[in-house]
Amino acid sequence: MRCVRCPVAYHATDVCLAAGCVVLSNNSIVCPNHFTARRGIKNHEHVNVSWCFVCTEGGSLLCCESCPAAFHRECLNIDMPKGSWYCNDCRAGKKPHYKDLLWVKVGRY
């Protein structure tokens with residue numbers, strides 16, 4: 001299956017297809033790189049977690065603009081970026097797949 005807006009392509013199964021793809025036909029999709037939130041539509045806002053993916057603590061977090069990931073600047077050992085910031089997974093083009101278990105945190109441990 002190929003994206004109609006960019007050169008991204010996936011196998012036509014849930015195992016390979018990135019979560020958030022919109023299927024247009026048997027061989028055409030719009031990949032999640034082209035998602036734009038629309039006002040007034042339920043669940044169309046970008047949400048980040050309220051805890052650091054490294055140490056699991058809250059506080060002042062650096063949030064990825066593309067996925068729910070959030071980190072303390074100190075945990076990543078980086079300077080505060082100017083403008084938009086993307087986590088290493090998003091910069092590497094890694095996308096979650098359908099049926100993947102992504103983020104789970106229950107309580108404080």
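A: Rings of Phe, Tyr and Trp, with Trp represented by its six-membered ring, count as a pair if their centres lie within 6.5 Å. Keep in mind that this is a predicted model.

Q: Fine. Which residues form the aromatic cluster?

A: Trp51, Phe53, Phe71 and Trp85 make up one cluster.

Q: And how many aromatic pairs in the whole structure?

A: The search finds 3. One of them is Phe71 with Trp85: the ring centres are 5.9 Å apart and the planes sit at 80°. Planes over 60 degrees apart count as edge-to-face, so this pair is edge-to-face.

Q: What does the pair of Phe71 and Trp85 tie together?

A: Parts that are 14 residues apart in sequence, because Phe71 is in strand 5 (residues 70-71) and Trp85 is in the loop between helix 1 (73-76) and helix 2 (88-91).

Q: Are Phe71 and Trp85 buried or exposed?

A: Both Phe71 and Trp85 are buried.

Q: Switching to Leu62. Where is it?

A: Leu62 is in strand 4, residues 62-63. Its relative accessible area is 9%. Buried means under 20%, so Leu62 is buried.

Q: What does Leu62 touch?

A: Leaving out residues up to four places away in sequence, Leu62 touches Ala69, Ala70, Phe71, Ile78, Met80, Pro81 and Trp85.

Q: Electrostatics next. How many salt bridges?

A: The whole structure has 1. The side chains of Arg73 and Glu74 form it, at 3.2 Å from N to O.

Q: How exposed are Arg73 and Glu74?

A: Arg73 is partly exposed, at 29% relative accessible area. Glu74 is exposed, at 53%.

Q: Which residues form a nonpolar patch on the surface?

A: Val4, Val22 and Leu24, with about 270 Å² of accessible area together. Val4 is in the loop between strand 1 (2-3) and strand 2 (22-23).

Q: Now zoom out. What's the overall pattern?

A: Along the sequence it reads β-β-β-β-β-α-α. That is 2 helices and 5 strands.

Q: What share of the residues is buried?

A: Buried residues are 23% of the 109. The accessible surface is about 8,000 Å², and carbon and sulfur atoms account for 52% of that.

Notes. Residues are numbered from 1 along each chain as its sequence is written. This is a predicted model: local features need pLDDT of at least 70, side-chain atom pairs count only at pLDDT 80 or more; totals for chains, interfaces and linings use all residues. Side-chain values use heavy atoms; hydrogens and water are left out. A salt bridge is a side-chain nitrogen of Lys or Arg within 4 Å of a carboxyl oxygen of Asp or Glu. Buried means under 20% relative accessible area, exposed over 50%, partly exposed in between (1.4 Å probe, protein chains only). Helices (H or I, at least four residues) and strands (E, at least two) are DSSP runs, numbered from the N terminus. Contact means heavy atoms within 4.5 Å. Accessible areas come from the Shrake-Rupley method with a 1.4 Å probe; for residues, only the protein chains shown count as cover. Patches are made of residues with over 30% relative accessible area and no salt bridge: like charges are joined within 9 Å, nonpolar side chains (Val, Leu, Ile, Met, Phe, Trp, Tyr) within 5 Å. Rings of Phe, Tyr and Trp (its six-membered ring) pair if their centres lie within 6.5 Å; planes under 30 degrees apart count as stacked, over 60 as edge-to-face and the rest as tilted.
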